[in-house]
Amino acid sequence: MTGSIIIFYLLAALTLGCGILAVSTRQIFRAAIYLLFALIGIAGLYFWLEYEFIAAVQIVVYVGGIVVLIIFSIFLTHQAGEKLPRQRLDRKIFAALAVFCGFALTMLQVYQHEFYGSEDTGEAPTVANIGRRMLKVDDGGYALPFEVISILLLAALIGCIVIALREKKEIKELPQRPEDKKP
Amino acid sequence: MEPGLYHILFISAALFFIGVYGFLTRRNLITMLMSIELILNSVNLNFIAFNKYLWPGKMDGLFFTLFIIAIAAAEAAVAIAIIINLYRSHQSIDVENAEDLKY
């Protein structure tokens, strides 16, 4: 057992344990925090695989962006300390059964399959290589998907603004909402 | 045992099915979105593992992962905008209360 192997198993345990807790806890804020640690565990696995750029992107986008967004939306839509309603037991049992069967089937297939890889080490995944490949326009370049993704992000930005916009009429009605009258 | 491709595939398959379990049992839109994030991450881990162990000389899996992360960020932002808008009109983000979305 070298240090690298121990770190791998620790990261795997962190990821899977926090993943299980994130889908099973009944307090939604804790679920978000467990999700945060599961994503950090995956970023650690990327570091362990020596894909540092992807690990950094994972931390910046997922941990710094999406989880913060989720936590904000929890604050906007839930009362503090409120627990999620308990799920029906039969639904839980059938979901666990289906998931277990699917997992067993997948792992059976994976372990029966022999993977053959290539041995060449052409391009190392360094930031310089990634940047060069990302903006290359000829064979094997990713310039077109890069532009399409930027259009998609622009569309998502405009879409969010359109969804979040309120009609003028609604703003006038706002003080008369029932929960504002209560106190 | 020295960790290799099969170990990473085990982790990503387990993470995928944890996400599926959460998606099947949860009835709250935000927690369902969290399950989807877990599923997307397991796919990313798969791409990176295949890239690392089977085609170390290429970077296609890495680019797929990058684009999936970008799409996931856009998807999460739009989904949360919809969820908050739904909460404004229904005062609830339960999927059972959201069924008149289809009319």
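This is a predicted model: local features need pLDDT of at least 70, side-chain atom pairs count only at pLDDT 80 or more; totals for chains, interfaces and linings use all residues.
**Entry 1. Domains of chain A**

I began with the domain centres: over C-alpha atoms, 24 Å separate domain 1 of chain A from domain 2 of chain A. Next I looked up the bounds. The assignment puts domain 1 of chain A at 1-82 and domain 2 at 126-171.

**Entry 2. Chain A as a whole**

I listed the elements of chain A. The chain has 8 helices and 0 strands. Read from the N terminus, the order is α-α-α-α-α-α-α-α.

Then I checked the overall form. The radius of gyration of chain A is 23 Å, whereas a compact globule of 183 residues would have one near 16 Å. Along the principal axes, its C-alpha trace spans about 70 × 45 × 30 Å. I looked up burial too: 21% of the 183 residues in chain A are buried. I also took the contacts in chain A between residues at least 6 apart in sequence, and 47% of them join residues at least 24 apart.

**Entry 3. Chain B as a whole**

I turned to chain B. I found 3 helices and 0 strands there. The order from the N terminus is α-α-α.

Buried residues account for 46% of the 103 residues in chain B. For contacts between residues at least 6 apart in sequence, I noted that 47% in chain B join residues at least 24 apart.

**Entry 4. Helix α1 of chain B**

I tested the length of α1(B). At 1.5 Å a residue, its 21 residues should span 30 Å, and the end C-alpha atoms are 30 Å apart, so the two agree. I then looked at how covered α1(B) is. Of its 21 residues, 15 are buried, so I wrote it down as mostly covered.

**Entry 5. Where the chains meet**

**Entry 6. The nonpolar core**

I kept a general point in mind: nonpolar side chains tend to be buried together in soluble globular proteins. Here the largest nonpolar core has 59 residues. The members that touch the most others are A:Leu35, A:Tyr46, B:Ile30 and B:Met34. Two or more residues of this core come from each of α1 (3-24), α2 and α3 of chain A, and from each of α1, α2 and α3 of chain B. The largest share, 12 residues, is from α2(A).

Leaving out residues up to four places away in sequence, B:Met34 touches A:Ala22, A:Ala31, A:Ala32, A:Leu35, A:Ile70 and B:Gly22.

**Entry 7. A:Ala55**

I picked A:Ala55, which is found in helix α3 of chain A. Is A:Ala55 buried or exposed? It has 20 C-beta neighbours inside 10 Å, so I count A:Ala55 as buried. With residues up to four places away in sequence left out, A:Ala55 touches A:Ala43, A:Tyr46 and A:Phe47. I also took one separation along chain A. A:Ala55 and A:Glu114 are 59 residues apart along the chain, and 28 Å lie between their C-alpha atoms.

**Entry 8. Two positive phi values**

I looked up A:Glu50. Its phi is positive, about 65°, although A:Glu50 is not a glycine. A:Glu50 lies in the loop between α2 (28-48) and α3 (52-77) of chain A. It counts as exposed because it has 10 C-beta neighbours inside 10 Å.

I did likewise for B:Gln91. Where does B:Gln91 lie? I found B:Gln91 in the segment after α3 of chain B. Its phi is near 55°, a positive value in a residue other than glycine. With 12 C-beta neighbours inside 10 Å, B:Gln91 counts as exposed; the cut-off for exposed is 12 or fewer.

Key: Residues are numbered from 1 along each chain as its sequence is written. Chains are lettered from A and ligands numbered from 1 in the order in which they are written. Helices (H or I, at least four residues) and strands (E, at least two) are DSSP runs, numbered from the N terminus. The radius of gyration is taken over C-alpha atoms; the globule rule is 2.2 Å times the number of residues to the power 0.38. Two residues are in contact if their C-beta atoms, placed from the backbone, lie within 7 Å. Domain bounds come from an automatic or database domain assignment. The expected span of a helix is 1.5 Å times one less than its number of residues. A nonpolar core is a set of buried Ala, Val, Leu, Ile, Met, Phe, Trp, Tyr and Cys residues joined through C-beta atoms within 7 Å.
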